[in-house]
Amino acid sequence: MSRTALRICPLCEATCGLTLTIDDGRVTGARGDRDDVFSKGFICPKGAAFGAVDSDPDRLRTPLVRVDGELREATWEEAFDAVAAGIRPVVERHGPHAVGVVLGNPNVHTMAGALYPPLLIAGLGTRSLFTASTLDQMPKHVSSGLLFGDANLIPVPDLDRTDHLLLIGANPLESNGSLCTAPDFPGRLRALKARGGTLTVVDPRRTRTARLADRHLAVRPGTDALLLAAMAHTLFDEDLVDLGGCAPYVDGLNELGAALRDFTPEAVSGACDVDAETVRALARELAAAPTAAVYGRIGSCTVPHGTLASWLVDVLNVLTGNLDRPGGALFPQAATDRTPRPAGPGRGFALGRWHSRVRRHPEAKGELPMSALAEEIDTPTDEGEPVRALVAVAANPVLSAPDGDRLDKALGSLDFMVSVDPYLNETSRHADVVLPPPPPAQSPHHDFAFNTLAVRNQVRYTRPAVPLEPVRMAETEILARLVLAATGMHGADPAAVDDLVVGRTLAKAAGDPHSPVHGRDPKELAALLGGGSGPERRLDMMLRLGPYGDGFGAEPGGLTLEKLLAHPHGIDLGPLRPRLPQPLKTRSGKVELLPAPIAADLPRLRAALAERPGGLVLVGRRHLRSNNSWMHNVPALTGGSNRCTLHVHPDDAGRLGVRDGQQVRVRGAGGEVTAPAEVTDAVRPGVVSLPHGWGHDRPGTRTRHAATDPGVNVNQLLDGSLLDPLSGNAVLNGVPVEVAPVAEAVTETSGALT
């Protein structure tokens, strides 16, 4: 019997609505949901392959527990018994910080990943937290925290209404967008151009996005902050600064102008390899546009000055009057956001509240750099205990973090490790217990994180499209039981975890004079919650207390889970709207343009004005049919352009003696890899490019298709020593490498060389 079911796609940040075809309990097809209020039928190759991802035969179905050195299938009870027996002794003997927690980016694609890891970290009391954010986006969190007082208050470009869009280090035609949730990002860019708008792309590669642009600048990798600083300097120098409607909410304008005095277009031109008049033209065009937005992403984050570049993106939005106005960059309002508070000073944002044990890296947003994970495990010091046990949730840092070989060895030395992962991959193969979540079709879906970054306010929720198989356990229950087992409450009812959160949240809301439920009985409120599970009750609670909620009856007609379920294609909550000063949480209650940590880091940027690195530098690459390391096991998403090749410019190939398709050796500070060369002018001279997420050739994994074309791990070229000091983000782009052709085999046959 064939039927259809709705599902929000969890395979990238675009969060497109899907209509699944289901035959005999199996997803056999996926198409875009034309009635989805946000994506309106758009689908990309990953979404179209949802069924293949869902039914991958290499997905684990039951837990694995290590017995006599080998991972063997076990019951869920045996698995959680082993978790409790492995983690609690480490905490009791060595303290909570001896247990590390590693979170991968798939966590933000699931309800369970949003709701339970914070409880695990708090319950353990550990400061040894490492996430994919310090391989990707932490500079943006830090700059937002310093500017706005909230590390999660990130403005996004108003794509559908802007007249001028400047993209720096972003390739949304391949990535579908990042820290900017926008189904059909390509279509939105084409619509911008169709209505007469301007698209400018700054990227060392001529990406698909760059080919769509009106202007493409192939800037030298790693110099984004210098370019943006010179643009800001030009706005001051030519009296083009106009703060617009956000002027009353901005502090530090004069100090900012003085701090940027040295970053003239002429001063940055040599380092950026962009002539001074082009820099001025970029600034003038930005200032002259009726509306404009600057948007920077991973290429501008994963560089030595990533936080400064992220800060300057929003500085330019402020200086041109485009922050918090339609057509500019605005702050989304998600349905599960906390009840809005009156505007006023907040607690602000602090860096370095504690430090890593070995190299003394400061924490950022409660996290330590993922680049420091290996040394925190394998390096003894006089200060504190090394990490002796590890909980990895949807994370594969052996491939995603620098120097995977060192981390690979370090993981093998742990006293205990548990991994929540559907695959036995390069990281989870080291675990003592592997807890596999079910396929996405068997899980509910709501985007807690991505709706805070969406280019239009909306809310959607889909229940599981396929019933949970008897042998499997819901991901929400897996993580709830993990919380209990790791925090000394093994054996308790997992529903108690959700009940505890509900009780605490409602008690706090009832005591808050700004809450719609102020003064009410928390138990009475809890009894009003709908939903068929603990996670649904928590979602209902968040919706009711949120900015569009019914306030548990205080706002008739407001949002509830029941109302959301009655709208299976979602509820449109309207375009982004100006919100300042209400969401600001800085100590001044204003946008603080020149925070002290930023000012202290500017001398390092000034020193970069004189840098002229020679030789080749490496940048990454994104493929439309891939998402880091977790989709290479799906045949429908591999092959074609999704290959692990080294892009080399023809000029460099000629100088190096490299032919198209020839194997080349790439050497960096962390090691070397060998990959086929792809000679192309899509990269600028002096730049080579390898994609991220490959290297599926380690023994003990169970990703059979990925292993047939494993590629190489680009992050093995890095030794983990290069970090953005403010955010702890790994420097993955603009790093020096050496490239040479691999000597071809020569054999002698009948006196001839062949």
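Contact in this report means heavy atoms within 4.5 Å. Helices (H or I, at least four residues) and strands (E, at least two) are DSSP runs, numbered from the N terminus.

The model is predicted: local features need pLDDT of at least 70 and side-chain atom pairs count only at pLDDT 80 or more, while totals for chains, interfaces and linings use all residues. Residues are numbered from 1 along each chain as its sequence is written, and side-chain values use heavy atoms, with hydrogens and water left out.

## Two packed helices

Two packed helices are described by the angle between their axes and the distance between the axes. Here axes are lines fitted to C-alpha atoms, for helices over the stretch in contact, and angles run from 0 to 180 degrees between N-to-C directions. Helix 10 (residues 224-237) packs against helix 13 (residues 276-288) at an angle of about 60°, and their axes are 9 Å apart. That angle makes helix 10 oblique to helix 13; angles under 35 degrees count as roughly parallel, over 145 as roughly antiparallel, 65 to 115 as roughly perpendicular and the rest as oblique. The crossing of helix 10 and helix 13 is right-handed, a term used if the near helix is turned clockwise from the far one by less than a right angle. On the side of helix 10, the contact is made by L227, A230, M231, T234 and L235, which meet V279, R280, L282, A283, L286 and A287 in helix 13.

## Helix 5 and its cover

Buried means under 20% relative accessible area, exposed over 50%, and partly exposed in between (1.4 Å probe, protein chains only). In helix 5 (residues 117-124), the residues P117, L120, I121 and L124 are buried. Seen down the axis of helix 5, these buried residues fall within an arc of 95°, so they line one face of the helix. The arc is that of the directions from the helix axis to the C-beta atoms. Among the elements that cover the buried residues of helix 5 are helix 3 (76-94), strand 6 (99-103), helix 4 (111-115) and helix 19 (475-486). Strand 7 (129-131) and strand 15 (389-393) are also included in that cover. Just after helix 5, G125 takes a positive phi of about 75°.

## Single residues

P397 is found in helix 17 (residues 397-400). Not counting residues up to four places away in sequence, P397 touches V102, M370, L373, L407 and T427. The C-alpha atoms of P397 and R520 are separated by 46 Å, and the two residues are 123 apart along the chain.

K365 lies in the loop between strand 14 (329-330) and helix 16 (373-378). F552 lies in the loop between helix 22 (534-545) and helix 23 (561-565).

| Residue | Relative accessible area | Class |
|---|---|---|
| P397 | 2% | buried |
| K365 | 27% | partly exposed |
| F552 | 4% | buried |

A cis peptide bond joins L580 and P581, with omega about 5°. P581 has its place in the loop between strand 19 (571-575) and strand 20 (591-592).

## An open sheet

Strands of a sheet pair through backbone hydrogen bonds, either parallel or antiparallel. In this report, two strands pair if DSSP finds at least two bridges between them. An open sheet of three strands has the order 1-2-3, with antiparallel pairing. Strand 1 (2-8) and strand 3 (26-32) stand at its edges with a single partner strand each, so one side of each is left without a neighbour in the sheet. Neighbouring strands of this sheet are turned by 30° against each other on average, direction ignored. Strand 1 is joined to strand 2 (residues 17-23) by seven bridges, and the two run antiparallel. Here L6 stands opposite T19 in strand 2.

Six strands form a closed barrel that runs 21-25-22-24-23-26, with mixed pairing. Neighbouring strands of this sheet are turned by 45° against each other on average, direction ignored. Strand 22 (residues 646-648) is joined to strand 25 (residues 687-689) by two bridges, and these strands run antiparallel. Three bridges join strand 22 to strand 24 (residues 671-679), and this pair runs parallel. V648 has V688 as its bridge partner in strand 25 and stands opposite V679 in strand 24.

Strand 23 (residues 663-668) and strand 24 are joined by six bridges and run antiparallel. The bridge partner of R665 in strand 24 is T674. Strand 23 and strand 24 form a hairpin with two residues between them.
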